[in-house]
Amino acid sequence: MSEMESITAGERENTYRFLASLYLKPPSDSVIAMIKDGSILSAITANEESNAGSPFYSELAEFVKNAAQIPNLKDELEAEHTALFALPSGILPQEAAYLDREKRLGGRVTMSVRQFYEEAGMEILDSCIEMPDHIGMELEFMGFLCKLEKEFWDKAAISSLQKCIEFQKTFLSEHLSKWVYQCCEKVIVRATFGFYKAIAHFTMEFMKGEEEYVSELYAKICKEGEEICETAA
């Protein structure tokens, strides 16, 4: 099967998991170090020049430029993360807060997301304290699906690929894409530091690309599956 699609799936997995980690927890020591030395700019995007005009890149570049002037950078970003994503007065980064009419966290919407995970074969560890419909968990789930996709490309497992990509397409359209933009817009408005504003901008740009890519990929893999079936017949 296609080596390029396998590589792309791995890159997409890394991006999803990186974003998930930033929403689920405050920046790690390694991320703080990358901010301080500026390497986070090249880590997030492979082509700095092509992204120079994008909101996320300009916001992040400005934050990196001024980061050295922020006393106790790690503590400040930890406090910001708590204020945005952990406190009841924050933005409520759960799907139910946007799609449940009564905004019931842990209710019908949350359970439908959990069921989706179970159907795809992803288990939620007992040690996980976040609800299944937390933005970080939903991004982590997409990373999980990308990991499976890469394995299926490498094994040339067409039927499994079709199912995996169908899961991605359906989850985006029925869940993540329905509310992630609203959530990110709130982060941009509420965040004090440019770091989380930049991450929110990057999330939106990445998701727009994902919606288009997964839709095209699904059409492609379905066509290839039909051609293989016709050949076999």
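Helix axes here are lines fitted to C-alpha atoms over the stretch in contact, and the angle between two of them runs from 0 to 180 degrees, taken between N-to-C directions. With that in hand, let's walk through this predicted model, starting with a pair of helices.

Helix 2, which covers residues 29–37, packs against helix 6 at an angle of about 115 degrees, and their axes lie 10 Å apart. The crossing of helix 2 over helix 6 is right-handed.

Now for the backbone around helix 6. Most residues other than glycine have a negative phi. Which places have a positive one here? Asn72 is one of them, with phi near 50 degrees. Asn72 sits in the loop between helix 5 (55–67) and helix 6 (73–86). Because its relative accessibility is 55%, and exposed means over 50%, Asn72 counts as exposed.

Leu92 is not a glycine either, yet its phi is positive, at about 55 degrees. Is Leu92 buried, exposed or partly exposed? Its relative accessibility is 31%, so Leu92 counts as partly exposed, a class that lies between the 20% and 50% cut-offs.

Note on methods: Residues are numbered from 1 along each chain as its sequence is written. This is a predicted model: local features need pLDDT of at least 70, side-chain atom pairs count only at pLDDT 80 or more; totals for chains, interfaces and linings use all residues. Side-chain values use heavy atoms; hydrogens and water are left out. Helices (H or I, at least four residues) and strands (E, at least two) are DSSP runs, numbered from the N terminus. Buried means under 20% relative accessible area, exposed over 50%, partly exposed in between (1.4 Å probe, protein chains only). A crossing is left-handed if the near helix is turned anticlockwise from the far one by less than a right angle, and right-handed if clockwise.
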